[in-house]
Amino acid sequence: MQKKYFVLLLAAILILSCKSKKEKKTPDCFSPEMQINYDFVKKETDKFKAGFNNSVCDIKTIKMHFNTNHFKGIMAIALNEIVVKKCIKELNANDKELVFKLFKEEMQSVTELINGKLYDEYSNLVDKIENNISDNEVKSFKKCLDYCGLQLISGEGMLYITETNYYLYKLFKGKVSYQLDQYLSMRSLELRQGFADDAALMISYEELYERIISNEDFLTKYPDFFLKKEVEENQKLYLSTLLTGIENTPVFDYDNQVLLPEIKSLYEAIIAKNENRKSTGIITNYYNLLKENEFKQTETIDKFMKENNLYYEE
C-alpha cells in the first residue's frame with residue numbers, strides 16, 4: 001500500500017508542474033542551433049539584450065517576445081529573463097501576475113521537453129555524468145542550465161532537469177506583489193530543503209507538518225491569491241504524506257502495520273495544541289479512526305482519504 005501511495009504522490013508532483021500550462025506548439029530544443037551549449041546561448045542572449053534596451057515595456061510587447069522566444073528552446077528562459085528584468089516594474093499589478101505565470105509556464109515547458117528527450121538526445125552526455133566524468137561538454141551543459149535557472153539532479157535512479165532553488169524568487173523578488181513575494185520565498189525554501197527522493201522523505205515529519213502550517217496560513221491570509229490552486233495542491237500532497245507516509249519513510253511499521261510510536265506522538269502533539277485549523281481537524285479525525293482499529297493500517301484509511309479529498313489508493 002505504501003508504494004502505491006508514493007506513486008500517487010509522485011504523480012501529484014508532476015501534475016503540479018504542468019497543470020496550468022496552455023497547449024503550445026512544441027519547440028525543437030534539440031536542433032543543432034538549440035543545443036544546450038553555454039557559449040552559444042550566452043552569445044545569443046547578449047545580442048538580444050543589446051537590441052532590447054530601447055524596446056517598449058507594455059504587456060502586449062512582452063507577450064509578443066515570450067511567444068517568439070518559445071521556439072528557441074532552453075534559450076527562451078534566458079531571453080525572457082532579460083524582458084522581465086527590464087519591464088516588469090513598469091507594469092500594473094495584474095500584468096505583473098500575468099508575466100509571472102507566462103514566464104513560469106515557459107520554464108516548465110522547456111524543462112519537460114528536455115526531460116522527455118534527455119536520455120535519447122543526450123545519451124552520451126548522460127553516460128558521462130552518471131560515470132562522474134566532467135569534461136568540457138559536461139561543464140558547458142551544466143553551466144548553460146545554471147545560466148537559464150535550471151539544474152541537473154538525480155532522483156529515483158534517474159537524472160532530470162528542474163528549476164534551481166531560488167531562481168524565480170531572485171528574479172521576481174521586490175518586483176511583484178507582496179503576497180507573491182511571500183509565496184516565492186516559501187516555495188524557494190521548500191525546493192532547497194527538498195521533498196522526496198528514492199521513495200524517501202528528505203525532511204522529517206515534524207518539518208513536513210511545518211510546511212502544512214505554512215501553506216495553510218498562507219491560504220488563510222491570501223484567500224484570493226492567483227496561484228491558490230497550486231498552493232492547495234502542495235497542501236494536499238503534504239497532508240496526504242503526513243497521514244499515509246511513503247514507501248521508504250513509512251508511518252506504519254512494515255511488519256505489524258501498526259502506526260509508528262514517533263508518528264503517533266506527533267499526531268498527539270498536534271491535537272493537543274487544539275488549534276482551529278482545517279488540517280488539525282483532519283489529523284484529529286484520522287487519529288480517532290486509527291484508534292478505533294488499534295492504530296493498525298486498514299482499508300478504512302482509503303475511504304477516509306477519499307472523503308477528505310486527499311491522495312489515496314483506488
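Me: What helices and strands does the protein have, and what kind of model is this?
Reply: You're looking at 14 helices and 4 strands, and the model is a predicted one.

Me: Why is Tyr38 called buried?
Reply: Its relative accessibility is 16%, and the cut-off for buried is under 20%, so Tyr38 counts as buried.

Me: And what makes Tyr147 partly exposed?
Reply: Tyr147 has a relative accessible area of 26%. Buried needs under 20% and exposed needs over 50%, so Tyr147 falls in between.

Me: How do you know that Tyr38 and Tyr147 form an aromatic pair, one of the 17 in the structure?
Reply: Check the ring centres: they sit 5.6 Å apart, and the limit for a pair is within 6.5 Å. The planes are at 90 degrees, and over 60 counts as edge-to-face, so that's the label this pair gets.

Me: Why is the pair of Phe218 and Tyr222 called tilted?
Reply: The angle decides it. Their planes stand at 55 degrees; stacked means under 30 and edge-to-face means over 60, so tilted is what remains. The centres of these two rings are 4.9 Å apart, and both residues are buried. Phe218 and Tyr222 also belong to a cluster linked by ring pairs, including Phe66, Phe103 and Phe172.

Me: What makes Phe103 stand out in the largest nonpolar core?
Reply: That core has 56 residues, and Phe103 is one of the four that touch the most other members, along with Ile74, Phe141 and Phe172. Leaving out residues up to four places away in sequence, Phe103 touches Phe66, Ile77 and Tyr167, among others. Another core, of 34 residues, lies apart from the largest one and includes Tyr238 and Leu242.

Me: How do you know that strand 1 and strand 2 pair?
Reply: Count the bridges: there are 6, and at least two are needed, so the strands pair, in the antiparallel sense. Ile153 stands opposite Tyr160 in strand 2. The two strands form a hairpin with 2 residues between them, and Glu156 in the turn has a positive phi of about 55 degrees.

Key: Residues numbered from 1 in each chain as written. Predicted model: local features only at pLDDT ≥ 70, side-chain atom pairs only at ≥ 80, totals over all residues. Heavy atoms only, no water. Core = buried A, V, L, I, M, F, W, Y, C linked by side-chain atoms within 4.5 Å. Buried < 20%, exposed > 50% of the residue type's maximum accessible area, 1.4 Å probe, protein only. Contact = heavy atoms within 4.5 Å. Phe/Tyr/Trp six-rings, centres within 6.5 Å; stacked < 30°, edge-to-face > 60°.
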